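Dear colleague,

I am passing on the structure we spoke about, and my notes on its contacts follow below. Please read them alongside the model itself.

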There are 4 protein chains.
Amino acid sequence: MHRERFYTLTASCPDRVGIVAAVSGFFAQHGGWILETTLHSEPPNDEGIAAYFMRLEIKADSLPFDLDGLRAAFKPVADEFNMTWKISDSAKRKRVVILVSKQEHCLYDLLARWQSKELDIDIPCIISNHETLRGFVEWHGIPFHHVPVTPDNKVQAYARISELCTEAQADVMVLARYMQILSPELCAQFPGRIINIHHSFLPSFVGAKPYHQAWERGVKLIGATCHYVTADLDQGPIIEQDVIRIDHSDSVEDMVRYGKDIEKTVLARGLRNHLEGRVLIHGNKTIVFR
Amino acid sequence: MHRERFYTLTASCPDRVGIVAAVSGFFAQHGGWILETTLHSEPPNDEGIAAYFMRLEIKADSLPFDLDGLRAAFKPVADEFNMTWKISDSAKRKRVVILVSKQEHCLYDLLARWQSKELDIDIPCIISNHETLRGFVEWHGIPFHHVPVTPDNKVQAYARISELCTEAQADVMVLARYMQILSPELCAQFPGRIINIHHSFLPSFVGAKPYHQAWERGVKLIGATCHYVTADLDQGPIIEQDVIRIDHSDSVEDMVRYGKDIEKTVLARGLRNHLEGRVLIHGNKTIVFR
Amino acid sequence: MHRERFYTLTASCPDRVGIVAAVSGFFAQHGGWILETTLHSEPPNDEGIAAYFMRLEIKADSLPFDLDGLRAAFKPVADEFNMTWKISDSAKRKRVVILVSKQEHCLYDLLARWQSKELDIDIPCIISNHETLRGFVEWHGIPFHHVPVTPDNKVQAYARISELCTEAQADVMVLARYMQILSPELCAQFPGRIINIHHSFLPSFVGAKPYHQAWERGVKLIGATCHYVTADLDQGPIIEQDVIRIDHSDSVEDMVRYGKDIEKTVLARGLRNHLEGRVLIHGNKTIVFR
Amino acid sequence: MHRERFYTLTASCPDRVGIVAAVSGFFAQHGGWILETTLHSEPPNDEGIAAYFMRLEIKADSLPFDLDGLRAAFKPVADEFNMTWKISDSAKRKRVVILVSKQEHCLYDLLARWQSKELDIDIPCIISNHETLRGFVEWHGIPFHHVPVTPDNKVQAYARISELCTEAQADVMVLARYMQILSPELCAQFPGRIINIHHSFLPSFVGAKPYHQAWERGVKLIGATCHYVTADLDQGPIIEQDVIRIDHSDSVEDMVRYGKDIEKTVLARGLRNHLEGRVLIHGNKTIVFR
């Protein structure tokens, strides 16, 4: 938890000698005070290509640049190593649009974290296919949009959601037990920017009623999975997972209840890591820098 | 999760042959449908006395009694075995008074559970030594009492809290990160009816600033403990505990943040077990029937 | 951990009023001191039939029966309630045949527990498709049988294993990372008596190379599952499971290494529960009485 | 798990701009292929001094140096930043002396890991105050030394142990449930090189009979702690900890049994991290680079 303003650089590139030296050399040369560095080299894939990933936090006032200046100055280094890269500024709050249905546990949890500034984000609006949670949301001073989704209006509904998120300049959309399957178009429009919480330990129990599936199979632990949404249902890159112990005496209703506790915790952890730029997507997997 | 009305019998007595036979025989004789039975025999203590504990749930409409009738009918069995016992009725909601300070995470969590009826309780009022959370509480339609506590007014403040809880006919008081040390008198007035969440894995790090203590010692896991409040600070019978992994890179602030997630979960689990009559106090320890 | 000799009764039957009363009444009438009672009533299935399960430990010398006498005396009670039941005697050690391949971690673990009498069992022999572990086994004074399994000799090999287990009067066969798929005939011959440890959190990653599958999918926890072997690969009733956290920096080799620690622990816990008669099979699921 | 030979550099120094640039620049300049880099900057202490920690793995054959050559070439960099540093060579196996008493679970576990080369170490000898485990040790081809410890011979006994370890050129001594309190002299002689497993979640339940203490207090989880041994009993820097859930039905004997499973796992994890140079001691705490 750094109080001071800092820049976060995340980057990936083909692995070779000298990457860290070049990047840290660049910052050292400009007097940049690095607060945190995490690095990962992925072993070569079947084509023999090894990928390198990095995330740095640098004290803003230790550098002689503003954000644009930093980007311009860093570009030659990035180009040299053929990096996919991004620099963000801790002074600019991330904008998070939350989508909910009727269940309130993830929403209460996220708003408690937002209220206490544990999650230091802006929530430009909350979207739901039901009116149930309007009062609670509006009491917090957050605009609430009711976008009903029916078998007949899906195209329009998802277009409306897309429009609302675009207007809200959302950095990320969070499906906080939203219970609707987004259209492939919507998924394609916000790649790596839609986060879902699925109420099973994926890849077990994909799709509907995972707790019923878990009960049928007689597993001894149930779980939750926070992942990026892609057009393939519950197949996107996994960000975070956790499990909780159950036993033969637990009914499906008991599992639903226990499950809520891990759903909200796993979602919050995954979201936080995403917001802090700790999650780098690599194919259908993630690097999560602690 | 039984939908139907049921009675819950909890009892303890000296162990001897025939206890279960007598109790289950009593219910069988009256056609009572037992939904759940959990039993525990504690090994003999230093005086050679072994204690027996039990908890039964019986379908209300399978018995030819109302609550008072059941109590009267069961009394001879209880007397024969010298039982300490209690029968409660699922139709009568428990009354829970919550005490908070400024931190909101446990309160949001409890109110989400109450709102969704996951915790099927009445909350007659919420008491705080600060005004901070009044709006949130009152939006939920729950009376909020501000009872400031200063070094000078402690006697009056605790008298006022006692009065409010008595008026509210509270079954239990929950200290949801209340941050004040209750007076021995108040503790004595509600024995086994005040539940606290302490932000450490007791008996480690008793008292103030447990996360600072944990950071100083360099532990690799931090925890939270839900326990009954007694006159001895953080020494009461433990109901539930859990831990979460940390590492050298976590500051005290990080620990505070991670800790919140276990504090609220552990408190909710402990409270639920208490409300369902699953927690039997035995000396300074608890039997928690799952 | 009871030092004294005791009988263990396990039983299941259709649920109805009076089961516990009849069983505990039977023991009370004969002065039987019940050390432990665990009960479970499974909610009605789709046909409306509710099943009841129980497990009791009764001090042997509190009863006026030997094992056969007890069985004879209890039979009328069992018949009245249409029970499937079994009574075993703690004085008679269970006979466990272990099957291994080349990997040693589960075998070292089981033999350490046997050596220290933590697992108070007889191991009449250990069977392997490789010679690798002969020396280690024989040093412990346990007969070692090498039964090679090739694509061509499977029928004879499994017949030989069956013969060895029958001669050894095995109560249970433990596949301690045996790595061979048993024939349906062998599975059918020892129903509910073959225990396997699978190196994934089932139902995820059935079959071969589960850690490779886990690595491909990018899960954040890996697990192990102890289950009864049936003719359907990795589909038998689950006894016990656990998981361990991994991250993006872990290779398949790292997962294999971490996995060993949960494999051996989960296998040992599952086996112990089986040996103590704590595991009751119900369809394709288990009741595990703690 | 790198198959190729590599050097491991661990270093700590006062934090300032340019450390990573200098170190990674040094390796880049010589064509060094860095396999793994982990970094940690400890926030300023009360004196305002911030400490920096690092660990790098570099492919040996990517550098134009042997080990001594590398040390000589790196020295100027280390001096410039006032580093405490060390470079080790993966080709040189660490030498681990194990001390045991009568309990076998940690020893079986460590020897299984050694046997399978999961722990790629040399075990020059095993020392015990009892003869119990001689046969098991010697079957593995490892010399076994019986050094009895009595109230009267402690000085000589510890002198003998010190002598054996020195002769064995031990890099580290592992107390695998050794059950004897080492003398302050012995501790001082091998600072940061004696690893113990304590059977509680420290700082709870220091000293003798921790499971009895845990039972008395009625905790709901029990734990184990792997730490460096210092002259203060159970107060040394903690390397690794873990816990396991228990409940009211568990006796002290049950806790002892469950506890063994975490003791051996926590010890093995802590030892492995130490051997790989992942543990850096900082005051009475540790940095553990994953």
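How many salt bridges does the rule find across the interface of domain 1 of chain A and domain 2 of chain A? The rule finds 2 salt bridges there, and please keep in mind throughout that this is a predicted model. The side chains of A:Glu36 and A:Arg278 meet in a salt bridge, with 2.8 Å from N to O.

On the side of domain 1 of chain A that touches domain 2 of chain A, the elements that give two or more residues are β1 (6-14), β2 (34-42) and β3 (51-59) of chain A, and β3(A) gives the most, with 5 residues. Sorted by class, that side of domain 1 of chain A has 4 nonpolar, 3 polar and 4 charged residues.

As for the division itself, domain 1 of chain A covers 6-89 and domain 2 covers 96-288, and the centres of the two, taken over C-alpha atoms, are separated by 31 Å. In this pairing, 11 residues of domain 1 of chain A are in contact with 7 residues of domain 2 of chain A. The area buried between the two domains is about 650 Å², of which carbon and sulfur atoms give 61%; in domain 1 of chain A, the residues that lose the most area to domain 2 are A:Glu42, A:Phe53 and A:Arg55, which together account for 60% of what that side buries.

Turning to the contact between chains A and D, 17 residues from chain A and 17 residues from chain D take part. The area buried between chain A and chain D is about 1200 Å², with carbon and sulfur atoms giving 68% of it, and A:Val17, A:Trp33 and A:Thr37 supply 36% of the area that chain A buries against chain D, more than any other three residues. Between chain A and chain D the count is 0 salt bridges, while 5 residue pairs, both at pLDDT 80 or more, are in polar contact. The largest share of the side of chain A that touches chain D, 5 residues, comes from α1(A), and by class that side has 8 nonpolar, 7 polar and 2 charged residues.

Finally, a search of the whole structure finds 38 aromatic pairs over all chains. The rings of C:Tyr108 and D:Phe136 have their centres 6.5 Å apart and their planes at 70°, so this pair is edge-to-face. The pair crosses between chains, from helix α3 (residues 105-115) of chain C, which holds C:Tyr108, to helix α4 (residues 134-139) of chain D, which holds D:Phe136.

With best wishes

Terms used:
Residues numbered from 1 in each chain as written. Chains lettered and ligands numbered in written order. Heavy atoms only, no water. Domains from an automatic or database assignment. Contact = heavy atoms within 4.5 Å. Buried area = accessible area lost by both parts, 1.4 Å probe. Salt bridge = Lys/Arg side-chain N within 4 Å of Asp/Glu carboxyl O. Helix = DSSP H or I, 4+ residues; strand = E, 2+ residues; numbered from the N terminus. Nonpolar A, V, L, I, M, F, W, Y, C, P; charged D, E, K, R; others polar. Phe/Tyr/Trp six-rings, centres within 6.5 Å; stacked < 30°, edge-to-face > 60°. Polar contact = N/O pair within 3.5 Å; in protein donor to acceptor, adjacent residues only side chain to side chain.
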